[in-house]
Amino acid sequence: GGRAPPTRLAESMVSSLTQSIAQSSQIRMKQTLARRRQSRSYRARASGRASMKRHLRYEQEKAQEAMAADRKRKWKRNNPDAGHYRPSGHRLRSPHNCGLT
């Protein structure tokens, strides 16, 4: 109800409304794109960090295995009787391995 607004006022209202709608849709689109870009870069950084950690862990494990193998090799070289040693004396003999009781 009521009177129709003057033409000039109606035109200015419509133009300001369309301008506002266009501006808000542009802002929303910019925000969406920024969010998407940020998420992509974060994901890339996170996956890069994870793969780096995996690589480091693999390298450390390999180095530890090599050190253990080297240690074993040194023990074998320095003690040819390793693993077969039994202290002498009846008291220290193994119960499964003694002829005299």
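Predicted model: local features only at pLDDT ≥ 70, side-chain atom pairs only at ≥ 80, totals over all residues.
Figure 1. As for secondary structure, the protein has one helix and zero strands.

**Figure 2. The salt bridge between Arg 73 and Asp 70.** Arg 73 forms a salt bridge with Asp 70, and the closest N and O atoms of this pair are 2.9 Å apart. Both residues belong to helix H1, which covers residues 7-78, and because they are three residues apart there, about one helical turn separates them. Arg 73 has a relative accessibility of 49% and therefore counts as partly exposed, while Asp 70, with a relative accessibility of 31%, also counts as partly exposed.

**Figure 3. The salt bridge between Lys 74 and Asp 70.** The side chains of Lys 74 and Asp 70 meet in a salt bridge, with a distance of 3.9 Å from N to O. Lys 74 and Asp 70 both lie in helix H1, where they are four residues apart, about one turn of the helix. Lys 74 has a relative accessibility of 42%, so this residue counts as partly exposed.

**Figure 4. The network of Asp 70, Arg 73 and Lys 74.** The structure holds two salt bridges, and a network of salt bridges links Asp 70, Arg 73 and Lys 74. Asp 70 takes part both in the salt bridge with Arg 73 and in the salt bridge with Lys 74.

**Figure 5. A patch of positive charge on the surface.** Arg 45, Arg 49, Lys 53, Arg 54 and Arg 57 gather on the surface in a patch of positive charge. Arg 54, one of the residues in this patch, has its place in helix H1, the helix that also holds Lys 74 and Asp 70.

Methods:
Residues numbered from 1 in each chain as written. Heavy atoms only, no water. Helix = DSSP H or I, 4+ residues; strand = E, 2+ residues; numbered from the N terminus. Salt bridge = Lys/Arg side-chain N within 4 Å of Asp/Glu carboxyl O. Buried < 20%, exposed > 50% of the residue type's maximum accessible area, 1.4 Å probe, protein only. Patch = residues over 30% accessible without salt bridge, like charges linked within 9 Å, V, L, I, M, F, W, Y side chains within 5 Å. Areas by Shrake-Rupley, 256 points an atom, 1.4 Å probe, with all protein chains shown as cover. Lys, Arg positive; Asp, Glu negative; His and termini not counted. Charge placed at Lys NZ, Arg CZ, Asp CG, Glu CD.
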